[in-house]
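Here's a quick briefing to read with the structure open next to you. Have a look at the coordinates, then work through the points by topic.

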Amino acid sequence: MKKLDLRLLRMIKQSKGQFVSVTVIVAVALCIYVMFSVTTINIDNAVKHYYRVTNINDLIIELIRIPQGALEALKTVDGVAEVQGRISIDVPLQVSNEDEKVNIRMISLPDGGGIINKLYAVDGSTDHPDDNKDVILLEQFAKARSITTDDIITPRINGRLHELKVAGVASSSEFIYLMENEQSLLPAPEKFGVAYARESFLQSTFGYRGSYNQVMVTVDDYADIDDVIDLIEKRFDKYGIKKITKLEDQLSNDVLVQKIDGIEMMSSILPMMFLLVAAIIISIMLSRIVNNDRMAIGVLKALGYGNISVLSHYTKYALAIGLTGSIIGIAGGLLLANPMSQVFVSFFNIPLAGIEIQYGYIINGILLTSIFCIGSGLFGARGVIHIMPADSMRPEAPKAGKRMMIERVVFIWKHVPFSWKMVIRNIMRNKKRFAFLVLGLAMAYGINTVPLYMSQAMVSMFEMQYGEYQKMDYTIDFSVPQNKRAITDLSHLIDAEYIEPRLDFPFELVNGWRKKSVSLIGVPRDTRFYIFKDKEDDLISLPEKGIFITEAIAKELRVKKGDMITVKSFIPGKEDITLQVTDIFKQYLGANAYMDIEAMERLLLDKNMITGVSVASNDDLKEKLKDVKNISSVRSVGDMMQAFVEYLDTMNLAIMAYLLFGGILGFALIYNATIIGISERINEFASLRIMGFDKKDIYSMITKENSVMAGIAIIVGIPLGAAMINGMVESFSSDMITFPVILAPEIFIKAAAASVVFVAIAQLATLKKVYNINFIDALKSRIS
Amino acid sequence: MQSNILMKVENVSKDYRMGEVKVNALQEASFEINEGEFIVILGPSGSGKSTLLNILGGMDLPTTGKVVVKGEEINSYNDRKLTAYRRDKVGFVFQFYNLMANLTAKENVELATEMCKNSLNIDEVMEEVGLAERKDHFPSQMSGGEQQRVAIARAVAKNPLLLLCDEPTGALDYKTGLLILSLLHKINRQHNKTVVIITHNMAIGDMADRVIKMRSGRIVEIRENENPIPPERIEW
């Protein structure tokens, strides 16, 4: 081994505390990068594999009714590959606890199981019902409610209870992420399930003999999907197409893609921040080492080593950190990627297609880390070039001292205690380094704000959506549209403070070539349940004729307040109309548009028609309405709240992980900064000891410096954290879910508390170093 | 004889700028160094002797004047050529030894020889400086004299044309100082290596073939020593 490399190894050994603390940061960065990147690939592969195996639909067409015979015609549409009709209707399920409201989606399966959206049988059970009284139950629901094969479930169909035997349990690629509708914030598999029954049975029970209300379609080429949709819309409009949903827009797929994107984003942003902080520490550390080694560098140059050799000698220190960190991090990442992928696929309920190790990520990781470390190493050690062998033999001249601005304000300065004066002077002596450290700590602080924001945002989204924007206690959906008299009928059945009609129908909003299928909801203009607020948080009221759309839809369709928009009806015989976007309102969950119910009836539908109601009531509506015909679902805000609270508990773990990440960064920064500071100022401390300062005084001086640094970092970190939160909101918000920008003081206070704790731990870790300084040796040393 | 001249210093001056002030560290120095000569440059602090040594060793460049080594003007060298010059032609011995603290004695010597083409056998050199038994010790485990012997071994093992020693006894006691001077003398006489010592210690001048005296950046005297005395007889 070359002697310079041997020297490097011994140098590392001597500064092992610092070396390890920076290596840990690099290792964590690489571990996160590899673990989440590989996990993303694994999940993505698993989903693709699962979609392929089960032959997932490319399109789902929801219609009022389409006869079986028309499917043949559908097959002849250019670009259509396969077609399969089905019945899909949500019904209440009777469960042992009468207070519990559970809905189940009954979906028909052709005899033999069909060719599109094939079920994936679990544990060898059958994947198609052979008898009219048999159902195949979706796995998540069966698990959540502990239902097994041969159990009986009793859905209430058209007011009548049907006893159906669970013939098998299966999973479905269509319901990887099981959510009832777009308004559900979270999956609640014990409250909503899917049961597959024989086609003939559901056709007769629901009155769809010889016809369907949904058609699944696969296409020859997904790239042509929009053309296929246009053709289908034109030719099959007469069957009352309500909505055509592409696979990419299907609820389960959409959420899944968002989750995968979220993991992917985490796999790049977090490691970048970690590497950046590592780079800051490395460059500060190396600049200190080079300064300490000034004379040795001079000797090396006198011996005939050139600038490049000496510079690369020190840069190798950084590279050693990078490579050691990479190897440990990558090994850890690969080890954890497997269980992590398992956790995700089992969470998503998909069979794992196999673990794939992408060597590209390993190479990327090593390259990226090397670039960061070499860059910061060169930056930190660049002073090597300016060290002249002749100069280095002489002690370094003290840096030119000059008065600071604050010193000129005599009135203030003379009141500053001496120990604080030293602290301030020392900070000002290394302004650039101080700025770097503050930036690093601010980043660690920013990382801490993100999980705190997430938990706050989830609570807030829920509270805003169901406390402020929608104030009903229950939302009731009818299985078929009803006359407004239904409200009067309902008020006889339940004890309600107020009942408001609701008209909820899918339409396509079109602006130029941009279009979007949304639920258009009609509510009375003087609605007591819906509160609309614009971007500035000002209250807005529904207009007589115009339409309100969410910010997300406005963004997607590129429309502004006051623009005209085409509302395309799926109902046969209804003309498309043009409406003005009177306002753009805030809504966190779901992609909706709202308008006055009367205008909606008049312009788009039939008079006197409602599809559901919103109710304010303390009554137990689920119990009271369980036997009522024509009610497809009764959703209570209370139930959603309960599911939400349970979910928040599981989120705590993720919050802890994030805080730990921020903590590691904060720790490493403070620990290294303190160690470097001590080694630089050992002579100064020795002199102070001789003057009568004790170890505690010196330690308290260092503590003061770190406290000032942490304090400023927190102040700088607040806008940085806010920017990270904004970035988070931008990248995680979709048309289905809009994260609110919440910059609540408690997020920043809690993040500050977490930062203070980690800084304090790092500070304590350096206690021994300060107490073990040999002051006599320090004074003898020629170079400080 | 012309062929015996190793180095020719012609009108060499060196100015430094320290803030607003211009310092003439060396002015119009001219002399020659012959192959195998033992030269002592004498002078008090600030006389410019270290500056001169740095220029001779290629650690610094003159402001004006020429330094010709074996027919090549090193004052016109760029950084890369100067590095090569220091690597292949010069061996340095410093007052404070300047060993690498985290390398053993032998490793310190190897550090210097690793990049040289004609280096000597390290074990033999260690033997020569009397450190064969101590070669695996770290500098912190050695006395000042031992450390200086390692430094000499490091300089000699490269097999340079010229050995430049900056106050080699400055940090040592009298007895150890003499031992170091004897070692340098032996290297000069037995291996025919050119040795240049700079010192403020007048007594050391007595062992030189030639003494160059300096004061205030100028050479004030160049004196041939007809009968150099062996280092063992020097006293201060």
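**Strand E9 of chain A and its partners**

Two bridges join strand E5 (residues 120-121) of chain A to E9(A), and the two strands run antiparallel. Keep in mind that this is a predicted model.

*More on E9(A)*

- Within E9(A), the residue standing opposite A:Val135 is A:Val166.
- Then there's strand E7 (residues 152-157) of chain A, which is antiparallel to E9(A) and held to it by two bridges.
- For A:Ile153, the bridge partner in E9(A) is A:Leu164.
- How much of E9(A) is buried? Seven of the eight residues in this strand (residues 164-171) are, so to speak, under cover: they count as buried.

*Chain A overall*

- Chain A holds 26 helices and 23 strands.
- Its C-alpha trace spans about 100 × 60 × 50 Å along the principal axes.
- Chain A has 784 residues, and 44% of them count as buried.
- Take the contacts in chain A with a separation of 6 or more: 84% of them are between residues 24 or more positions apart.

*Where chain A touches chain B*

- The contact draws on 20 residues from chain A and 22 residues from chain B.
- On the chain A side, helix H1 (3-14), helix H8 (294-303) and helix H12 (389-392) each supply at least two residues.
- H1(A) gives the largest share of that side, with seven residues.
- Sorted by class, the side of chain A that touches chain B has twelve nonpolar, four polar and four charged residues.

*Helix H3 of chain B*

- Helix H3 (residues 105-113) of chain B has eight of its nine residues buried, so it is largely enclosed by the rest of the structure.
- Those buried residues are B:Ala105, B:Lys106, B:Glu107, B:Asn108, B:Val109, B:Leu111, B:Ala112 and B:Thr113.
- What do the buried residues of H3(B) pack against? Their partners are H1 and H8 of chain A, together with helix H4 (122-128) and helix H5 (144-157) of chain B.

- B:Cys116 is found in the loop between H3 and H4 of chain B.
- This cysteine has 17 C-beta neighbours inside 10 Å, so it counts as partly exposed.
- Setting aside neighbours within four places in sequence, B:Cys116 is in contact with B:Arg87, B:Asp88, B:Lys158 and B:Asn159.
- B:Asp88 is 28 residues away along the chain, yet its C-alpha atom is separated from that of B:Cys116 by 6.2 Å.

- The axes of H5(B) and helix H6 (residues 174-191) of chain B come within 9 Å and cross at roughly 15°.
- Angles under 35 degrees count as roughly parallel, and therefore H5(B) and H6(B) are roughly parallel to each other.
- Their crossing is right-handed.
- From H5(B), the residues involved are B:Gly144, B:Gly145, B:Gln148, B:Arg149, B:Ile152 and B:Val156. They meet B:Thr176, B:Leu179, B:Ile180, B:Leu183, B:Leu184 and B:Ile187 in H6(B).
- By class, this contact has seven nonpolar, four polar and one charged residues.

*The six-stranded sheet of chain B*

- Six strands of chain B form an open sheet with mixed pairing, in the order E6-E7-E8-E3-E9-E10.
- Strand E6 (90-93) and strand E10 (218-224) of chain B stand at the edges with a single partner strand each, so one side of each is left without a neighbour in the sheet.
- On average, and ignoring direction, neighbouring strands of this sheet are turned by 15° against each other.
- Strand E3 (residues 38-42) and strand E8 (residues 194-199) of chain B are parallel and share five bridges.
- B:Ile41 has B:Ile198 as its bridge partner in E8(B).

*How the helices sit on that sheet*

- H5(B) lies across E6 and strand E7 (162-166) of chain B, and runs at about 175° to E6(B).
- H6(B) lies across E3, E7 and E8 of chain B, and runs at about 150° to E8(B).

Methods: Residues numbered from 1 in each chain as written. Chains lettered and ligands numbered in written order. Predicted model: local features only at pLDDT ≥ 70, side-chain atom pairs only at ≥ 80, totals over all residues. Contact = placed C-beta atoms within 7 Å. Helix = DSSP H or I, 4+ residues; strand = E, 2+ residues; numbered from the N terminus. Nonpolar A, V, L, I, M, F, W, Y, C, P; charged D, E, K, R; others polar. Buried ≥ 20, exposed ≤ 12 C-beta atoms within 10 Å, placed from the backbone. Pairing = 2+ DSSP bridges. Axes fitted to C-alpha atoms, helices over the stretch in contact; angles between N-to-C directions. Parallel < 35°, antiparallel > 145°, perpendicular 65-115°, else oblique. Left-handed = near helix turned anticlockwise from the far one by under 90°.
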